[in-house]
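Visitor: I am new to this structure. Could you walk me through it in short steps?

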Amino acid sequence: MIVVAIDIGGTFTDLIGFDAEQNRFVEAKSLTTPSQLTRGIIDCIRKSGLDAGAIDELIHGSTIAINTLIERKGARTGLIVTRGTRDVYIIGRGNRPEAYNLLFHKHRPLVDRHLSREAQERLLASGDVHEKLQAASIEDACEKLKAAGVEAVAVSFLHSYANPEHERQAGAIVRAALPGTYVSLSHEILREYREFERTSTTVVNAYIGPKVGGYVKSLKQDLGAVGFDGDLAIMRSNGGVMTPEVATDRPVAMMESGPVGGIIASARVGQALGFANVISFDMGGTTAKASLIRDGEPTMAPGYYVGGYASGHPVMLPMIDVVEVGAGGGSIAWIDEIGALKVGPQSAGADPGPICYRGGGTEPTITDANVVLGRLDPDNFLGGQMKLDSEGAARGINEKIAAPLKMGLTAAAQAILDISVSTMSLAVREVSVKKGFDPRDFVLVAAGGAGPLHIAAVARELHVPKVIVPLFPSHFSALGMLLADERHDFIRTFYGDLTGIDFAALVTTHAEMVREATSGLRHKDSAEQQIHLDLRYVGQEFTLQVPVTLEQLKSADRQGIRQAFDALYEHRYAHHSPDEPVEMVNIRLAVIGKRPRLQFPSLTACASAKPVRERQVYLSDPAKPVACPVYDRPSLGAGARIAGPALVQEHGTTTVLFEHDACEVAPSGELVITIGDAA
Amino acid sequence: MSKPLDPVTLEVIRNALPAIANEMAADLQRTSYNMMIYEVRDYCTALLNPKGELISQNVGGVSHFVADLGVIIVDGMKRYGAKGFKPGDVIITNHQAVAGQHLNNIVIYTPYFHQDELLMFSMVRAHWIDVGGTSTGFGAGATVADPWLEGLQLDQLKIYREGELDETLYRVIKDNIRFPESSLGDLKSQMAACRLAGRRVDELFNKYGRDTILQAIDIIFDETERKCRNVVEKLPDGVYEAEAAMDNDGVKRDEPVPIHAKITVSGSDMTIDLSKCSPERKAGINSRTYAGARVAYKALTGPLEPVNEGSFRALKVVIPEGNIMMARFPAPMAGWSTIVPTVVDTIVRALAPAMPDRVPAGHHGLLGGTVVFFGVHPKTMRRFVIQSIEGGGWGGRPYEDGEPASVSVCQGDVRNGPIESIEMKCPVLIEERALRRDSGGAGKYRGGIGLDVRVRNLVEGQWNFEQTRRSMCPPWGLWGGQAGDYNEYLLRQPGENDFAIAYGNRRTVPVNSEAIVRTGGGGGWGDPLERDAQAVHADVIAELVSREAARDEYGVVIHPDLSLDAPATARLRDEMRGGRPS
């Protein structure tokens with residue numbers, strides 16, 4: 001069995017494959033070709049040496065969905081809404097999160113106002129029909145939209161979460177009147193109350209639908225043309241994968257799939273090593289991302305804003321909760337107008353890149369600081385393929401940072417790293433401390449080209465005792481895709497006092513959701529369910545997602561559910577109110593189709609580790625370098641132990657161990673680092 | 001101060017202090033029981049030192065709370081003395097003699113001690129949904145004559161002494177407010193946010209030590225001040241003035257309320273003098289606040305930077321005692337913030353000649369169209385109250401049109417109520433929430449569009465139609481732009497054909513009435529005749545501007561089939577330019 005994952009990033013398309021019979025990994029990289037994305041994929045397969053016809057399953061992650069939105073290259077989209085609500089999508093919530101900004105922007109609508117049409121219909125919050133849908137009003141809307149040449153239509157009626165019948169009828173009329181047009185109905189995309197957020201999510205789906213749907217189709221064809229006849233799966237924001245058919249209907253589900261692979265991989269690596277609670281820490285060129293995994297499960301956020309909270313487009317679909325901060329290898333160090341040292345969020349990116357890349361960069365970056373401190377070896381970067389300009393890095397830091405602050409060169413470089421480590425730590429705190437979790441109870445998993453360089457410092461800052469540097473840290477996202485399960489998330493608004501909820505009706509709703517969810521599943525037989533109820537004290541707005549079992553629903557276990565809510569509330573906010581009435585707002589269902597687990601090869605045991613050389617590196621004291629042994633990671637066998645200070649080099653990254661840190665190579669190849677008692 | 005602080009420690013502390021205030025805010029918002037907190041964000045969270053200096057404050061909530069908690073600490077220190085505070089104390093206050101706002105704004109604060117030394121206070125001000133009297137909802141209206149009618153007054157009282165609840169005080173509060181489960185839930189959330197801050201501050205002190213933190217705070221104040229001075233320094237020295245007016249104060253209906261701002265820029269110093277604003281009124285639109293001046297100064301000097309004591313050290317605010325914004329107890333203050341957005345906008349307008357590339361035309365200038373309808377559901381006998389704040393148009397900008405339907409300059413992340421959420425909880429139908437054609441002022445860059453929200457009540461109930469209007473001084477244009485449309489309440493009762501203007505608070509309306517909550521539009525920026533005819537055409541197609549307004553205000557001719565007549569437009573624009581006095 002051969003499973004392959006292909007991840008399209010901004011610069012490179014990454015392939016990682018696993019051949020179970022031969023027990024080996026295959027890797028390949030090619031340049032991303034934005035105009036013809038599928039060509040990069042076919043190129044990658046060719047480079048990997050794999051026979052496309054022999055691939056059983058191919059998992060694909062792509063940024064096409066989010067790029068289509070951010071670059072605003074989606075379809076000409078029309079919107080049909082309930083009478084009186086034409087402007088709900090333009091108005092949004094009327095808020096200005098940048099409170100003092102006189103020149104703020106709200107989201108920029110994806111539908112022109114004249115392409116937003118009203119239908120004669122009205123439902124009540126109960127789902128009862130207040131005014132029947134008048135088909136003529138939909139036909140009339142279709143005529144106008146047809147004349148305007150729309151390629152996609154979103155339909156979003158008030159209270160359709162409670163009763164989708166009007167939307168279904170309208171959808172049928174639109175499909176008949178505008179054949180070939182991409183149609184999204186709000187209740188099919190998101191069956192949750194709050195009309196602006198649901199409409200926005202549906203509009204985003206319609207807007208990107210034709211392009212992403214076309215892409216998925218041509219990908220299937222092009223893969224077929226080179227002989228691939230295995231299963232194709234598409235990575236989605238919730239950490240699972242979906243079939244191409246589901247992706248074509250709900251492309252919005254793949255919007256934030258970019259960082260997800262690495263988080264799945266962190267969860268699996270942690271579990272395999274016996275750590276169910278881990279924090280995934282991924283640091284690349286422009287940002288660092290943190291995500292919390294509990295009991296082997298990534299934490300989910302109920303929605304997100306594409307383009308940021310202040311001016312972005314709400315997409316209220318579950319995604320893996322990730323906190324991103326502007327601290328990556330390319331983040332620029334600078335001094336502000338009052339003389340304070342800052343790092344990021346501006347990044348030199350890949351072009352021009354850090355000064356030491358010799359790509360014309362002139363601003364000192366985090367990577368340059370690492371070169372100056374000797375933590376990155378200028379002669380052994382990317383396996384020596386790229387010689388770094390350490391003199392340029394030193395000159396840049398001297399001129400732009402050290403001289404104005406009247407510091408020594410290495411002290412300035414260290415200050416740049418210290419500030420960025422404090423920024424990165426804030427991201428880790430945000431996913432842990434803020435949610436009521438103590439980071440010291442978690443293990444950090446470091447990925448990305450820059451993650452292993454800084455992870456020991458971040459761990460120290462947060463008093464985290466253990467750190468894992470996995471295999472393939474710079475291809476970690478693709479590795480995670482190999483391991484992802486199928487997953488569909490569904491939500492239904494189901495409102496009422498917990499004491500009065502009709503559990504029989506709730507069980508029926510649940511069964512409907514299960515049917516809907518499993519119909520799109522390839523691995524039906526192995527499917528597992530997770531059920532959550534969104535609960536709150538009466539009078540509150542924000543809910544907590546409380547996990548429940550189907551048995552609890554069937555037996556109407558109000559008391560058990562109530563207790564679970566109070567306990568969760570106590571954990572999250574350090575107080576709770578056992579006498580206050582509780583109400584239910586939504587039921588959530590995740591259906592997970594388990595893919596077969598891959599058994600990765602183990603390393604041969606070889607307890608002795610021999611450094612390949614020794615280098616002077618500034619670690620804890622910027623005034624005095626220490627003699628630091630350098631190890632070549634591929635040469636390390638299972639069970640090998642290394643005591644810090646040390647550097648462990650591999651193709652895409654370097655792991656830094658400080659004095660007192662201790663590292664052991666796991667049988668499966670990961671570096672397991674115990675942070676020294678200096679912490 | 002001994003040795004200079006290293007830049008890394010300084011930067012870490014600089015980031016940590018606002019992070020604590022923001023974490024308090026997030027915690028409060030998620031656990032609160034009333035929409036004034038979780039949607040309207042009518043709260044602030046902050047750390048202050050015992051001198052009453054602001055160390056950090058949350059960002060994103062209601063802007064007019066900026067840096068206004070200091071007076072409460074100064075007063076508290078006077079009452080209790082530095083030795084009068086003990087660990088475990090929780091103080092509650094809303095008294096207008098010092099706080100100067102409506103009584104709904106309840107301040108809770110706790111002292112923070114490090115090694116037995118009182119070093120900080122963590123504070124949360126939040127709008128309770130009811131504090132008795134006539135305070136239900138957004139607060140009592142302008143017509144409430146004094147604080148005793150308004151609600152319960154709490155004057156720097158310890159509700160917890162060294163961790164011990166004062167049961168008597170608790171009972172007095174509980175028995176004198178209408179929704180005790182909501183408000184006492186909020187009390188709990190406010191205390192939890194203060195305690196959270198205490199823990200975070202403690203971590204910081206334990207890590208860096210007392211001297212380092214206090215030294216860092218002083219440096220941060222100085223640096224913040226310097227940043228503001230850098231902005232003001234670039235403005236030409238001089239005296240800048242502007243004026244505006246509210247139609248009336250809500251009690252005396254035939255007398256406008258004048259607003260006037262005089263700004264003096266001298267080097268890096270700025271003085272904002274509001275002396276010529278109306279004297280104290282016999283209506284509840286008085287306050288004791290620097291908010292008007294401070295929000296404007298903040299917006300102009302560093303809108304995206306965190307707030308601390310240094311943010312306003314280079315600003316001098318002049319408001320004499322007895323002024324509408326420096327009213328003396330017991331002047332009524334139930335609608336304390338009503339005029340503040342217009343005050344802010346007037347200051348901003350005055351400075352337009354000094355910063356022509358950054359100052360937009362006037363915005364709707366009011367605290368939103370407030371949707372307040374309440375009653376008792378006849379079937380369930382449960383009380384209900386709808387509260388939503390609807391945004392209006394913002395002024396055209398020196399390079400683009402104004403934003404539509406957004407909350408005022410005094411409100412940040414304040415969100416309207418979703419129609420589905422309102423209808424789920426309350427017996428009404430929101431028939432319409434729509435942009436109102438031609439409500440944005442004409443200009444080279446058009447003013448943003450205002451709203452109509454039409455609400456049909458399915459059971460009998462009471463409406464609050466109390467709101468100061470700006471019909472005599474609608475949102476102004478700049479540099480030749482036209483004014484935007486103004487706000488209004490309209491009502492049509494069953495059997496009536498037309499909507500009529502509606503006034504008054506607690507007005508009972510029969511089943512199946514329809515009320516329209518109307519918000520103003522923004523003013524236009526620049527000469528409407530200079531607006532790109534294609535942009536006017538697009539506005540007509542989008543039904544934001546009528547064909548008549550396109551012709552009369554912009555000189556753009558659009559045929560009934562919505563095609564643009566370029567030659568006729570050129571002729572008409574020439575004619576209109578020619579007809580102007582030169």
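Predicted model: local features only at pLDDT ≥ 70, side-chain atom pairs only at ≥ 80, totals over all residues.

Visitor: In which order do the strands of the open sheet with parallel pairing stand in chain A?

Guide: Four strands form this open sheet. Their pairing is parallel. The order is S6-S5-S9-S10.

Visitor: Which strands stand at the edges there?

Guide: An edge strand has a single partner strand, so one side is left without a neighbour in the sheet. From one strand to the next, the twist averages 20 degrees. The edge strands are S6 (116-119) and S10 (182-185) of chain A.

Visitor: At what angle does helix H5 of chain A run to S10(A)?

Guide: Helix H5 of chain A covers residues 165-177. This helix lies across S5, S6, S9 and S10 of chain A. Its angle to S10(A) is about 175 degrees.

Visitor: Which strands form the edges of the sheet with mixed pairing in chain A?

Guide: This open sheet has four strands, in the order S29-S30-S32-S33. Neighbouring strands are turned by 30 degrees against each other on average, direction ignored. An edge strand pairs on one side only. The two are S29 (613-617) and S33 (654-657) of chain A.

Visitor: Which residue in S33(A) stands opposite Gln649(A)?

Guide: Strand S32 (residues 646-649) of chain A pairs with S33(A) over four bridges. The sense is antiparallel. Opposite Gln649(A) stands Thr654(A).

Visitor: How far apart are the centres of domain 3 and domain 4 of chain A?

Guide: In the domain assignment, domain 3 of chain A spans 333-420 and domain 4 spans 486-593. Their centres are taken over C-alpha atoms. The separation is 50 Å.

Visitor: Which element gives the largest share of the side of chain A that touches chain B?

Guide: The contact takes 54 residues from chain A and 66 residues from chain B. On the chain A side, the elements giving two or more residues are H3 (88-91), H7 (195-225) and H12 (409-431). The largest share is five residues, and it comes from H12(A).

Visitor: How many nonpolar residues does that side of chain A have?

Guide: Sort the side of chain A by class. There are 13 polar and 15 charged residues. The nonpolar residues number 26.

Visitor: What separates the centres of domain 1 and domain 3 of chain B?

Guide: The assignment for chain B gives domain 1 as 7-222 and domain 3 as 533-578. Again the centres are taken over C-alpha atoms. The separation is 54 Å.

Visitor: Is Thr136(B) buried or exposed?

Guide: Thr136(B) lies in the loop between strand S5 (117-127) and helix H5 (147-150) of chain B. The cut-off for a buried residue is 20 or more other C-beta atoms within 10 Å. Thr136(B) has 24 C-beta neighbours inside 10 Å, so it counts as buried.

Visitor: Which residues is Thr136(B) in contact with, leaving aside neighbours within four places in sequence?

Guide: Lys207(B) is 71 residues away along the chain, and its C-alpha atom is separated from that of Thr136(B) by 45 Å. The contacts of Thr136(B) are Asp130(B) and Arg178(B).

Key:
Residues numbered from 1 in each chain as written. Chains lettered and ligands numbered in written order. Contact = placed C-beta atoms within 7 Å. Nonpolar A, V, L, I, M, F, W, Y, C, P; charged D, E, K, R; others polar. Domains from an automatic or database assignment. Pairing = 2+ DSSP bridges. Axes fitted to C-alpha atoms, helices over the stretch in contact; angles between N-to-C directions. Buried ≥ 20, exposed ≤ 12 C-beta atoms within 10 Å, placed from the backbone.
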